[in-house]
Amino acid sequence: MKQKIIGTGLSGLVGSRLVELLGDKYEFIDFSLDTNVNVLDKENLAAAFAKNSDAVAVLHMAAFTDTNGAWEQRGDKSGICYQLNVEGTRNILELAKQYNQYFIYISTDFVFDGTKTTPYTETDTPDPIEWYGETKYLGEKVVTDSGYNAAIVRITYPYRANFANKPDIIHKVLAKLQNGEVVKMFSDQICTYTFIDDIAYGLDKFFENKYTGIYHLVGSSSRSPYEMSKLVAKTFGYDENLVQPSSLEEFVKSQPEGSRPWQKCLITSNQKTKDLGINMKTLEEGLIEIKNQTK
Ligand SMILES: NC(=O)c1ccc[n+]([C@@H]2O[C@H](COP(=O)([O-])OP(=O)(O)OC[C@H]3O[C@@H](n4cnc5c(N)ncnc54)[C@H](OP(=O)(O)O)[C@@H]3O)[C@@H](O)[C@H]2O)c1
């Protein structure tokens with residue numbers, strides 16, 4: 001019999017691929033608004049947990065992920081961003097504890113301020129600079145402060161072959177290239193892009209081994225958005241000259257006072273997950289894989 005895993009956010013960009021790839025191995029119970037489970041409604045959530053008390057694990061991915069929208073709510077604890085990312089995490093963790101279920105909280109590299117020019121590791125202290133990152137970090141603190149044996153798994157810039165509902169960064173670039181449009185991307189920012197299939201297979205190892213602590217389940221190379229876009233053009237056979245550099249620093253200077261701050265350098269180390277035997281693709285490898293899957 002398949003082990004039962006409760007998941008929030010399973011209809012999202014990352015979660016829906018997890019279900020596609022691991023659905024034969026695990027029975028995923030989807031807690032989402034579509035299945036009439038709201039992580040902000042304690043009574044409703046408790047009833048859903050009671051019905052699934054035999055689940056062995058809880059994967060908490062539901063989040064308010066619109067970073068610009070989050071900035072509009074900064075400081076507002078009654079806003080949906082804080083409520084979902086912090087209070088939603090508290091609600092679901094309390095129930096996972098009650099039923100003694102292994103808990104994984106999916107987090108982000110946006111917990112860091114992006115000023116470190118060497119790779120961020122799991123021992124670096126977060127210092128978020130915008131509201132989405134801050135609320136995700138507060139969600140992490142709910143987990144660590146609870147003392148529960150849980151995993152906090154940070155992922156970064158996830159991309160996959162197909163997902164019509166919400167284009168990832170690679171597909172935003174691809175859409176412009178397909179239309180013959182110029183793609184202007186920052187050359188003075190660095191990000192770590194992660195192939196979602198690797199996240200799914202990595203999380204499978206977490207379900208199997210019930211690792212606890214903080215982990216970076218992220219891609220094996222970091223690139224500027226400009227370099228990433230050049231690589232996308234090259235891999236998919238589009239005109240590389242359409243990709244042109246722009247500057248984050250200049251962009252930030254041009255913004256009105258009070259605009260959201262941006263992380264400049266988010267090189268994220270995956271050495272700790274590599275040591276568990278989890279292999280994460282480089283951007284080059286991931287792009288070839290999504291090209292093959294798209295054929
Ligand atoms: N995407 C990124 O660039 C990125 C980067 C780093 C980390 N992450 C983290 O990865 C996780 C997954 O991100 P994603 O991009 O896949 O998310 P997403 O596509 O934005 O999906 C959000 C999910 O949250 C669910 N949700 C929203 N409000 C809810 C509520 N009140 N109760 C229950 N479920 C609710 C949605 O369900 P409905 O469909 O029912 O609304 C949806 O499944 C998040 O924790 C995010 O912080 C994402």
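Predicted model: local features only at pLDDT ≥ 70, side-chain atom pairs only at ≥ 80, totals over all residues.
Student: Are Phe31 and Phe49 buried or exposed?
Tutor: A residue counts as buried when its relative accessible area is under 20%. Phe31 falls in that class, and so does Phe49. The class for Phe31 and Phe49 is buried.

Student: How do the rings of Phe31 and Phe49 pair?
Tutor: Their centres are 5.6 Å apart, and their planes make an angle of 75 degrees. An angle over 60 degrees counts as edge-to-face. The Phe31 and Phe49 pair is therefore edge-to-face.

Student: Which parts of the chain does this pair link?
Tutor: The two residues are 18 apart in the chain, and the pair links distant parts of it. Phe31 lies in strand 2, residues 26-31. Phe49 lies in residues 42-51, which form helix 2.

Student: What kind of pair do Phe112 and Tyr120 form?
Tutor: Phe112 and Tyr120 are both buried. Their ring centres are 4.2 Å apart. Their planes meet at 10 degrees, so the pair is stacked.

Student: How many aromatic pairs does the structure hold, and which residues form one cluster with Phe110?
Tutor: The structure holds 16 aromatic pairs.

Student: Where is Val37, and which residues is Val37 in contact with beyond its neighbours in sequence?
Tutor: Val37 sits in the loop between strand 2 and helix 2. Its relative accessibility is 9%, so Val37 counts as buried. Leaving aside neighbours within four places, the contacts of Val37 are Phe31, Ser32, Asn44, Leu45 and Ala48.

Student: How far is the C-alpha of Val37 from that of Phe49?
Tutor: Along the chain, Val37 and Phe49 are twelve residues apart.

Student: What is the phi of Tyr157, and where is Tyr157 found?
Tutor: Tyr157 is found in the loop between strand 5 and strand 6. Its relative accessible area is 23%, so Tyr157 is partly exposed. Tyr157 is not a glycine, but its phi is positive, at about 35 degrees.

Student: Which side chain makes a polar contact with the side chain of His60?
Tutor: His60 is in strand 3, residues 57-60. At 1% relative accessibility, His60 counts as buried. Its contacts beyond four places in sequence include Gly88, Ile92 and Tyr105. The polar contact, at 2.8 Å, is with the side chain of Thr8.

Student: How far does helix 5 reach from its first C-alpha to its last?
Tutor: Helix 5 covers residues 131-146, which makes 16 residues. At 1.5 Å a residue, 22 Å is expected. The reach of helix 5 is close to that, at 22 Å.

Student: What do the buried residues of helix 5 pack against?
Tutor: Among the buried residues of helix 5 are Trp131, Thr135, Tyr137 and Val142. The buried residues pack against both helices and strands. The elements are helix 3, helix 4, strand 4 and strand 5.

Student: How many disulfides does the structure hold, and why is Cys81 in none?
Tutor: The structure holds zero disulfides. Cys81 is buried, at 0% relative accessibility. The closest cysteine sulfur to that of Cys81 belongs to Cys191, and it is too far for a bond, at 19 Å.

Student: How far is the nearest cysteine sulfur from Cys265?
Tutor: Cys265 is in no disulfide. Cys265 is also buried, with a relative accessible area of 9%. The nearest cysteine sulfur is that of Cys191, at 8.8 Å.

Student: Which ring does the charged end of Lys272 sit over, and which ring does Arg260 lie over?
Tutor: The charged end of Lys272 is 4.3 Å from the centre of the ring of Tyr215. Arg260 is 3.7 Å from the centre of the ring it lies over, that of Trp262.

Technical notes. Residues numbered from 1 in each chain as written. Heavy atoms only, no water. Helix = DSSP H or I, 4+ residues; strand = E, 2+ residues; numbered from the N terminus. Expected span 1.5 Å × (residues − 1). Buried < 20%, exposed > 50% of the residue type's maximum accessible area, 1.4 Å probe, protein only. Contact = heavy atoms within 4.5 Å. Disulfide = S-S within 2.5 Å. Phe/Tyr/Trp six-rings, centres within 6.5 Å; stacked < 30°, edge-to-face > 60°. Lys NZ or Arg CZ within 6 Å of the ring centre and 35° of its normal. Polar contact = N/O pair within 3.5 Å; in protein donor to acceptor, adjacent residues only side chain to side chain.
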